[in-house]
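User: I'm new to reading protein models. Could you walk me through one, feature by feature?

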Amino acid sequence: MNYRNLPIIGEDLLERYQIGDLVKYCGDDLVKMKTGIILDIYSIALSERLFPHADVYVIGENKQETVLLGNLTILSKVSN
């Protein structure tokens, strides 16, 4: 499969988020809100489409999670 020709779902999100942004999102239990810092942004191929994801360092849990960018809410932007 040629990943270069796959459509990116949520392509505008790649421009909105940056490494270092402080974000919040709903955890796996769909109840607890988590806060973290974006460490990396990339796309993952799922069902012949690319979906933007981020590796997020979870504050207070000392771990890293992969989260769909569409599930993140920016609390604070990194300064340039």
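User: Let's start simple. Which pattern does the chain follow, read along the sequence?

Analyst: To read a fold, list the helices and strands in order. Keep in mind that this is a predicted model. Here the order is α-β-β-β-β-β, made up of 1 helix and 5 strands. The C-alpha atoms fill a box of roughly 40 × 35 × 15 Å along the principal axes.

User: How much of the chain counts as buried?

Analyst: For this one, you look at how much of each residue is left accessible. A residue is called buried when its relative accessible area is under 20%. In this chain, 26% of the 80 residues count as buried. The chain exposes about 5300 Å², and carbon and sulfur atoms supply 50% of that.

User: And what share of the contacts comes from residues 24 or more positions apart?

Analyst: Here you ask how far apart in the sequence the touching residues are. Taking the contacts with a separation of 6 or more, 46% are between residues 24 or more positions apart.

User: Next, charges. How many positive and negative side chains are there?

Analyst: There are 8 positive and 11 negative ones, and the centres of the two sets lie 3 Å apart. Side chains of opposite charge can pair when their charged atoms come close. In this structure you'll find 7 salt bridges. One of them joins R16 and D12, at 3.2 Å from N to O. R16 is partly exposed at 42% relative accessibility, and D12 is partly exposed too, at 45%.

User: Which parts of the chain does the pair of D21 and K77 link?

Analyst: First, the bridge itself: the closest N and O atoms of D21 and K77 are 3.1 Å apart. This pair links distant parts of the chain, with D21 in the loop between α1 and β1 and K77 in the segment after β5, 56 residues apart. Now check the accessibility of each partner. D21 counts as buried because its relative accessible area is 0%, while K77 is partly exposed at 40%.

User: What about K34 and E61: where does each of them sit?

Analyst: Their side chains meet in a salt bridge too, at 3.6 Å from N to O. K34 is in strand β2 and E61 is in the loop between β3 and β4, 27 residues apart. K34 is buried at 9% relative accessibility, whereas E61 is partly exposed at 26%. Follow the shared partners and you get one network of salt bridges, joining K32, K34, E61, K63 and E65.

User: Now the surface. Which residues form a nonpolar patch there?

Analyst: For a patch, you look for nonpolar side chains grouped on the surface. I37, L39, Y57 and I59 do this here, with about 310 Å² of accessible area together. Take I59 as an example: it lies in the loop between β3 and β4, and it counts as partly exposed because its relative accessible area is 43%.

User: One last thing, the backbone angles. What is phi of E48 near?

Analyst: Phi of E48 is near 60°, a positive value in a residue other than glycine. E48 is placed in the loop between β2 and β3 and is exposed, at 56% relative accessible area. N62 is another case, with phi near 50°. N62 lies in the loop between β3 and β4 and is exposed at 63%.

Technical notes:
Residues numbered from 1 in each chain as written. Predicted model: local features only at pLDDT ≥ 70, side-chain atom pairs only at ≥ 80, totals over all residues. Heavy atoms only, no water. Patch = residues over 30% accessible without salt bridge, like charges linked within 9 Å, V, L, I, M, F, W, Y side chains within 5 Å. Areas by Shrake-Rupley, 256 points an atom, 1.4 Å probe, with all protein chains shown as cover. Salt bridge = Lys/Arg side-chain N within 4 Å of Asp/Glu carboxyl O. Helix = DSSP H or I, 4+ residues; strand = E, 2+ residues; numbered from the N terminus. Buried < 20%, exposed > 50% of the residue type's maximum accessible area, 1.4 Å probe, protein only. Contact = heavy atoms within 4.5 Å. Lys, Arg positive; Asp, Glu negative; His and termini not counted. Charge placed at Lys NZ, Arg CZ, Asp CG, Glu CD.
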